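Please keep the sequence and the structure in view while reading.

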Amino acid sequence: MQEFIGTGVALITPFKEDLSVDFDALVKLVNFNIQNGTDYLVINGTTGESATISKEERKQIINVIVKTNNKRLPLVLGIGGNNTLEVVKDIQTTDLTNIDGILSVAPYYSKPTQEGFYQHFKAIAEATEKPIILYNVPGRTAKNMEASTTIRLAKDFKNIVGVKEAGNNTQQYLELLRDKPADFLIISGDDDLALGVTLAGGAGVISVIGQAFPKEFSTMINCGLQGKNKEGYSIHFKMMEIIDLIFAENNPAGIKAVLQELSISSSYVRLPLVPASKELQAKIAKLVNDF
């Protein structure tokens, strides 16, 4: 699964002032990332405000990204939820012709047992031949999928090829890296830990900040893949503050404020999210200009 090694970015969904999807800005963002070193694109994730995107909008977003990308980079599509039967149905009824992999979030709200996590992803793995990247983000789902459950899934299903681990839990990362099958990908979902995870044997990152600074972030991750810790951390240290700021209030309000400063897209988000506060926008503007 070489196509999912390096820097993936969890694309935002840009909106206009009336909160309709800004497809021109989306095209601009995709091209900006392709031209500046991003290795693959992730569509319809948390950062893309998937919770407030309609099925028709999702179809349009996929079509625009597929057309813009024109087979230049691998594409990963987020399809997940806490209704296993509906997730399976969604996978089976979505046109995945131009999609290279599926990112599927651990069931949220329901708080399943570890066996529940296993059976959920077993059903998903058996519903498609596409490569699946598990997504563990306990801060949003309210329940951690333990390393042992992830490793069990990795060993039992050939098309479960990796995990986006986003628990900001160094110990769990190390357990995954220690116990994983040789070709299973441990992908950081934490921008602040991405370099350290990659240096320890991880496959890279699915990043939020990376879409705003693709050249710098992908260079840093490549340093991690090559074991160049000194060079990698020199970039990491420069990015620490902006990474902290984009998550200070909510995601994706922070990254959208950054992209607005870069004149790529606007900062509009859909309720229940609200745009970054004026105080945060001012801090972000200063950092982006300094950067």
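Across the whole structure, a search finds 7 salt bridges, a salt bridge being a side-chain nitrogen of Lys or Arg within 4 Å of a carboxyl oxygen of Asp or Glu. The model is a predicted one, in which local features need pLDDT of at least 70 and side-chain atom pairs count only at pLDDT 80 or more, while totals for chains, interfaces and linings use all residues. Residues are numbered from 1 along each chain as its sequence is written, and side-chain values use heavy atoms, with hydrogens and water left out.

One of these salt bridges joins Glu49 to Lys256, with an N to O distance of 2.7 Å. Because Glu49 lies in the loop between β2 (40–43) and α2 (55–69) and Lys256 in helix α11 (residues 253–261), this pair ties together parts that are 207 residues apart in sequence. Helices (H or I, at least four residues) and strands (E, at least two) are DSSP runs, numbered from the N terminus. Glu49 and Lys256 are both buried, that is, under 20% relative accessible area, where exposed means over 50% and partly exposed in between (1.4 Å probe, protein chains only).

Helix α2 contributes Glu57 to a salt bridge with Arg270, and the closest N and O atoms of this pair are 2.7 Å apart. Arg270 lies in the loop between α11 and α12 (278–290), so the contact with Glu57 ties together parts 213 residues apart in sequence. Both Arg270 and Glu57 are buried.

A further salt bridge is formed by Arg152 and Glu115, whose closest N and O atoms are 2.9 Å apart. It links helix α6 (residues 147–156), which holds Arg152, with helix α4 (residues 114–125), which holds Glu115, the two residues being 37 residues apart. Arg152 is partly exposed, at 34% relative accessible area, and Glu115 is also partly exposed, at 38%.
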